[in-house]
Amino acid sequence: MSNIEHTDVAIIGGGPVGLATALLMAQGGLSVTVVERAPLSSWSEPGFDGREIALTHHSVRLLEQAGAWSLIPQAVVCPLQEARIETGSFRHPLTFDTRGEGVDALGWLVSNNQIRRALFAAASHTPNITLLPATSVQTIRQGHDYAAVHHTHGQINAKLVVGADGRFSPTRQRAGIGAIVHDFRKSMMVCRMAHESPHHNVALQWFDEGQTIALLPVNGMASSLVLTLPPKEIEQLAHMPREAFNAEIMRRVGNRLGAMRLVSTRHVYPLKGVYAHRFTNRRLALVGDAAVGMHPITAHGFNLGLKGQETLVQHVLAAVAGNGDAGSVTALRAFERQHRKATAFLFAGTNGIASLYTHDGPPFRQIREGCLRVADKFLPFKKAVTSLLMDRQPSTPGA
């Protein structure tokens with residue numbers, strides 16, 4: 001094959017985590033090629049997909065380091081000042097805020113497509129990053145000295161291949177790596193609703209009987225609605241006429257924010273958690289949802305994806321400095337150990353929380369009401385969870 005490109009790192013999947021990996025690898029002096037199935041137009045200017053990402057302080061620092069944070073218009077960044085958790089009609093919420101933390105926000109809410117657009121813009125202006133849109137991977141052959149990625153337009157020989165192609169990752173499957181797949185048998189609908197009452201920058205997670213609702217603040221008199229129900233009910237809502245939909249959502253949220261109206265498209269996603277049996281193989285590493293696809297209930301997924309690629313980049317750059325090999329077995333093993341330690345407990349704990357808070361029969365309802373009451377009064381617990389939500393380090397720059 002005549003069209004063979006040589007690069008240090010080939011990244012399969014040009015989503016936010018894949019592009020962040022490319023940017024940090026490139027900043028370390030490595031050549032990077034990113035392969036993405038989507039056409040250039042939808043890659044560079046992704047449409048609204050309903051998802052609002054709750055960014056921690058650490059994630060904002062990583063986006064700053066990647067050169068993407070400054071490319072996100074501040075008008076679309078909404079500070080999160082308080083998080084509330086409620087269950088059923090039990091009106092004793094568990095709340096988390098920044099009081100005593102010395103900062104103004106727990107984190108920041110930004111639409112997923114805005115993050116994607118900024119990371120693409122940063123990557124497209126980085127000299128040692130090659131972007132290949134509208135390109136599908138056909139095979140990956142992992143050799144002793146390099147991995148050969150065969151795609152629709154040629155071949156890439158890379159010291160390291162990074163799979164960043166989602167929780168049902170074809171790259172993971174090609175490598176023969178299995179995964180734990182937890183099917184919650186629910187679907188999630190996300191959309192944006194305008195409302196007449198202010199949200200005061202408070203995020204609400206409400207485990208009501210028969211449904212789970214999140215209302216995430218966005219700038220202006222609007223919130224992102226995240227509604228979890230059985231798939232058939234979600235499909236009915238997704239195709240319901242607007243006026244009927246508005247009335248139904250107001251009923252479901254208990255008229256908390258006054259009159260509400262749909263101001264975006266509606267998007268539906270199946271709820272499945274994924275945890276790869278392995279995060280690495282010969283000259284291969286998995287990042288983002290390809291490694292760990294979290295239930296969104298604790299808002300850890302995207303932030304864990306960014307931290308995972310940061311861990312990978314650190315070990316790879318250390319290996320290159322030591323022996324010149326971006327695909328070093330030692331570096332990949334070190335990455336896997338560290339990332340597994342950071343994610344295994346959170347994945348299991350998140351699934352446990354999701355199970356506890358989405359079952360309505362006894363004793364689940366009584367247990368979660370008791371948990372909220374005790375947790376809200378136990379200040380060391382609240383402080384620990386607040387620190388986890390913010391993921392803040394003393395060196396974190398202001399947003």
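Me: Is C78 buried or exposed?
Reply: First, this is a predicted model: local features need pLDDT of at least 70, side-chain atom pairs count only at pLDDT 80 or more, and totals for chains, interfaces and linings use all residues. Residues are numbered from 1 along each chain as its sequence is written, and side-chain values use heavy atoms, with hydrogens and water left out. Buried means under 20% relative accessible area, exposed over 50%, and partly exposed in between (1.4 Å probe, protein chains only). C78 comes in at 1% relative accessibility, so it counts as buried.

Me: What's the relative accessible area of C191, and how many disulfides turn up?
Reply: C191 is buried, with a relative accessible area of 0%. A disulfide here is a pair of cysteine sulfur atoms within 2.5 Å. Searching the whole structure for disulfides gives a count of 0.

Me: Which residues does T171 touch?
Reply: T171 sits in helix α5, residues 170–174; helices (H or I, at least four residues) and strands (E, at least two) are DSSP runs, numbered from the N terminus. With a relative accessible area of 1%, T171 is buried. Contact means heavy atoms within 4.5 Å. Leaving out residues up to four places away in sequence, T171 touches I12, I140, G163, D165 and L284.

Me: Why do the buried residues of α6 line one face, and which residues are exposed on the other side?
Reply: In α6 (231–238), the buried residues are I234, L237 and A238. Looking down the axis, they fall within an arc of 100 degrees (taken from the directions from the helix axis to the C-beta atoms), so they line one face of the helix. Among the elements covering them are β12 (179–195), β15 (222–229), α7 (242–252) and β17 (267–276). Over on the other side of α6, the exposed residues are K232 and Q236.

Me: What about α7: which exposed residues are on the face turned away from its buried side?
Reply: Buried in α7 are F245, N246, E248, I249 and R252. Those fall within an arc of 165 degrees seen down the axis, so they line one face of the helix. Their cover includes α6, β12 and β15, along with β13 (202–208), β14 (211–218) and β16 (260–262). The face turned away from that buried side carries E243 and R251.

Me: Which residue with positive phi follows α7?
Reply: Go past the end of α7 and check the backbone angle there. Its phi is near 70 degrees, and the residue is G254.

Me: Which helix gives the most to the lining of the largest cavity?
Reply: On a 1 Å grid over the protein atoms alone, a cavity is a set of points where a 1.4 Å probe fits but cannot get out, and a pocket is an open set with protein on both sides within 12 Å along at least five of seven lines; lining residues have an atom within 4 Å of a point. The count is 1 cavity of 30 Å³ or more, and the largest cavity is about 40 Å³, where grid points are joined across faces, edges and corners and a volume is the space filled by probe spheres set on the points. G288, D289, V292, M294, G301, L304, G305, H339 and T343 line it. With 3 residues, the top contributor is α8.

Me: How many residues of the second largest pocket's lining come from α8?
Reply: This pocket holds about 260 Å³ of space, and of its 15 lining residues, N303, L304, K307, A342 and D391 are the closest to its centre. Both α8 (301–323) and α9 (329–357) supply at least two lining residues each. The largest share comes from α8, with 7 residues.
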